[in-house]
Amino acid sequence: MQTGLHIRLRAATAEPHEALERDLDWQGKVATLPGYRALLARLRGFHAAYEPAIALGLSDEAFFAPRRRLAALDADLSALGLDFFARTALPAPPAPRLEGEGAAMGALYVLEGSTLGGLVIGRHVGGLHGDGVPLAYYSGRGREAGPLWRTFRERLDGLASTQEGAAFAAGVATFEAMRVWLTTALAV
């Protein structure tokens, strides 16, 4: 039975995905507003490094633009008191080398999946901290979430077989890089 690449990529990245979820302790991090802000700051650094690399690997801004999330992180961090200079001075991990569409799609798989999973975190944060807490990053994409995920999966499943290995390698590496980056302490 042939399955789509997104199903095989999910299986291939299951172990590093589980390690990220296990080690992150997102509930502990978001229990306080300073902890929530610190988590968003780490996520901002990650997106600041990965989004340009993904864009370069995809070479398709029309496809990638609605999937960018750096602006949402900036909006949340601004609302939590970090001005433009503080946000852009936040540390970021080294930018990955994502050569070709397969590698870019493998890395984007991790970020796209976090958009869907982030809805759970957003509801939790909103419940903890009330209506005024900024949730641009964790609010998802509203009605666009389904169509964006569907078109992402279609493009991923349509990758040439010669690009599949790069997608698997980049997906695993991105989950691992995200785990290391998000579980390293950062004071903001």
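At what angle do helix 8 and helix 9 pack, and how far apart are their axes? In this predicted model, the angle is about 155° and the axes lie 11 Å apart. Angles over 145 degrees count as roughly antiparallel. Helix 8 and helix 9 are therefore roughly antiparallel to each other. Helix 8 passes helix 9 in a left-handed crossing. Helix 9 covers residues 145–157.

Several residues form this contact. Helix 8 contributes Glu 101, Met 105, Leu 108, Tyr 109, Glu 112, Gly 113 and Leu 116. They meet Leu 148, Trp 149, Phe 152, Arg 155 and Leu 156 of helix 9. Sorted by class, the contact of helix 8 with helix 9 holds eight nonpolar residues, one polar residue and three charged residues.

Helix 8 also packs with helix 10, which spans residues 161–182. Two packed helices are described by the angle between their axes and the distance between the axes. For helix 8 and helix 10, the axes come within 7 Å and cross at roughly 40°. Helix 8 is therefore oblique to helix 10. The crossing of helix 8 past helix 10 is right-handed. On the helix 8 side, the contact involves Glu 101, Gly 102, Ala 103, Gly 106, Ala 107, Tyr 109, Val 110 and Leu 111. Their partners in helix 10 are Gln 163, Ala 166, Ala 167, Ala 170, Gly 171, Thr 174, Phe 175 and Met 178. By class, the contact of helix 8 with helix 10 has ten nonpolar, five polar and one charged residues.

Two residues of helix 8 were examined individually. Glu 112 sits in helix 8, which runs over residues 101–129. Its relative accessible area is 2%, so Glu 112 is buried. Leaving aside residues up to four places away in sequence, Glu 112 touches Arg 67, Arg 141, Leu 148, Trp 149 and Phe 152. With Arg 141, the side chain of Glu 112 makes a polar contact, side chain to side chain, at 3.0 Å. Arg 67 is 45 residues from Glu 112 along the chain, and their C-alpha atoms are separated by 7.4 Å.

Leu 116 also lies in helix 8. Its relative accessibility is 36%, so Leu 116 counts as partly exposed. Leu 116 and Tyr 138 are 22 residues apart along the chain, with 8.8 Å between their C-alpha atoms.

Conventions. Residues numbered from 1 in each chain as written. Predicted model: local features only at pLDDT ≥ 70, side-chain atom pairs only at ≥ 80, totals over all residues. Heavy atoms only, no water. Helix = DSSP H or I, 4+ residues; strand = E, 2+ residues; numbered from the N terminus. Buried < 20%, exposed > 50% of the residue type's maximum accessible area, 1.4 Å probe, protein only. Contact = heavy atoms within 4.5 Å. Polar contact = N/O pair within 3.5 Å; in protein donor to acceptor, adjacent residues only side chain to side chain. Axes fitted to C-alpha atoms, helices over the stretch in contact; angles between N-to-C directions. Parallel < 35°, antiparallel > 145°, perpendicular 65-115°, else oblique. Left-handed = near helix turned anticlockwise from the far one by under 90°. Nonpolar A, V, L, I, M, F, W, Y, C, P; charged D, E, K, R; others polar.
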